[in-house]
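Please examine the sequence and the structure shown below. The report that follows describes selected features.

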Amino acid sequence: MKRKIKIIVLVAVALFAVWNLVSFFLGRTSTEIVRYGVQEEAFSTTLYLFKDEVVIESKQNGVLQPITADGARVHKGARVGALLSADTHEGALHEFLQIQDRVQRLQLYEGKETYAETLRTDGEITAISAKITKAAEKGDMEKLAALKEDLLVAKDEKSAAEGQKDTLIRLLEERQAALEQKIGNSIEEVFSPRAGIFFQGTDGLENIMKTEATDTLSPEELERLEDRIGTSGGGCKIVYNNEWRGVCTIDAFMAEKLKPGQAVSLQFRECGGESCRAKVKAVSEAENGKCMVVFYSDKSPQRLLKYRSVTADVIVSRHEGLRVPTKAIVEEDGKQGVYVQTVTDRVFKTVEVAHQGENYTIIREGENTALRLYDTVIY
């Protein structure tokens, strides 16, 4: 009798286990092939840029005519423009300064008059011409202007390689003398006071939005600065410190994910989606559900530092690995895993979770993960 009861109990337990197993798999009818994937934790914000700048001053009044492109790196003492009086012909001045540079480069050019040097310069001219075509198609005027300057240099070097260096210098100096007569004494050359990155336009915030200002900046002060951003006057300036800082105000729950010294990636919409690495310098205490965060970096896209504020996507963390539906993850005997469909059976495979999202989870590959690329998971 006891034996029969024991058998009945065992059969009942087996049937219950089978029923649960069948119910489990009946409720999981979808499958998906395991592939590599990426998940990011990110948020978008307005980032206010603090950098160290110096306005280029002149001894006399006039109209400043820059001859250096925005974003160009210059050394201390580099000629970056000229001050024009009201009657100066800007086109003549630009050509005069351009010829002056060409003559100086030709005088310093030490290339040999050989067939190989001619072929090299021919190759450069062809390559630059192709880049000019692409820049014109994209409407990138800054790049187009810089490439045209490069093309002039390459053509001058070709002339020198073909033995025409002295003749070309003489012709350029003759043209320079004619332009000098036209310009007269109405110009004053302007030089960079220190090494750095050249930008046109000043806005009166150069001595206010310095990097050191972020050390004591309050949310109220940032709000007052926001109202002053957007106006731009004449003149030009030099950004002279490699390190810049970005300040933003974000929700406190997102700020909890950020700690001083933490590395993040910043992606800038005004710079065509270009990005750079940065670190968190400080996170303020929450006030009205908001925190002020300061980032810092010594790298940036070329155009970034011309702006006072930009729209930035802050990528807090990035996880790569095997991607599976979050619904597929279950727990068996205290271990996390997924069921995988094989040719003849369903097999439980352990996983180590790197990052769990609402719809998909990234699995870290390694000895704690039995799941493999291209397995078919059931969920």
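## Residues with positive phi

Asn288 is found in the loop that joins strand 12 and strand 13. The model is a predicted one. Although Asn288 is not a glycine, its phi is positive, at about 55 degrees. Most residues other than glycine have a negative phi. Asn288 counts as exposed because its relative accessibility is 77%, and the cut-off for exposed is over 50%.

Tyr374 also has a positive phi, of about 75 degrees, and is not a glycine. Tyr374 belongs to the loop between strand 19 (360–363) and strand 20 (376–378). With a relative accessibility of 56%, Tyr374 is exposed.

In soluble globular proteins, nonpolar side chains tend to be buried together. Here, the largest nonpolar core contains 29 residues, and Leu47, Leu258, Leu266, Phe268 and Phe295 have the most contacts inside it. Several elements each supply at least two residues of this core, including strand 2 (35–50), helix 7 (252–255) and strand 13 (290–297). Strand 14 contributes the most, with 4 residues.

Among the residues that Phe295 touches are Leu47, Trp244, Leu258, Leu266 and Val314. A second, separate core has 13 residues, among them Ala82, Ile99, Val103 and Leu168.

## A buried aspartate

Which strand holds Asp313? Asp313 lies in strand 14. Its relative accessible area is 16%, so Asp313 is buried; the limit for buried is under 20%.

The side chain of Asp313 forms a polar contact with the side chain of Arg269, at 2.9 Å. Asp313 also touches other residues, including Phe43, Ser44, Ser265 and Leu266.

Methods. Residues are numbered from 1 along each chain as its sequence is written. This is a predicted model: local features need pLDDT of at least 70, side-chain atom pairs count only at pLDDT 80 or more; totals for chains, interfaces and linings use all residues. Side-chain values use heavy atoms; hydrogens and water are left out. A nonpolar core is a set of buried Ala, Val, Leu, Ile, Met, Phe, Trp, Tyr and Cys residues joined through side-chain atoms within 4.5 Å. Buried means under 20% relative accessible area, exposed over 50%, partly exposed in between (1.4 Å probe, protein chains only). Contact means heavy atoms within 4.5 Å. A polar contact is a pair of N or O atoms within 3.5 Å; within protein, one must be able to donate a hydrogen and the other to accept it, and residues adjacent in sequence count only if both atoms are side-chain atoms. Lists of a residue's contacts leave out its neighbours within four places in sequence.
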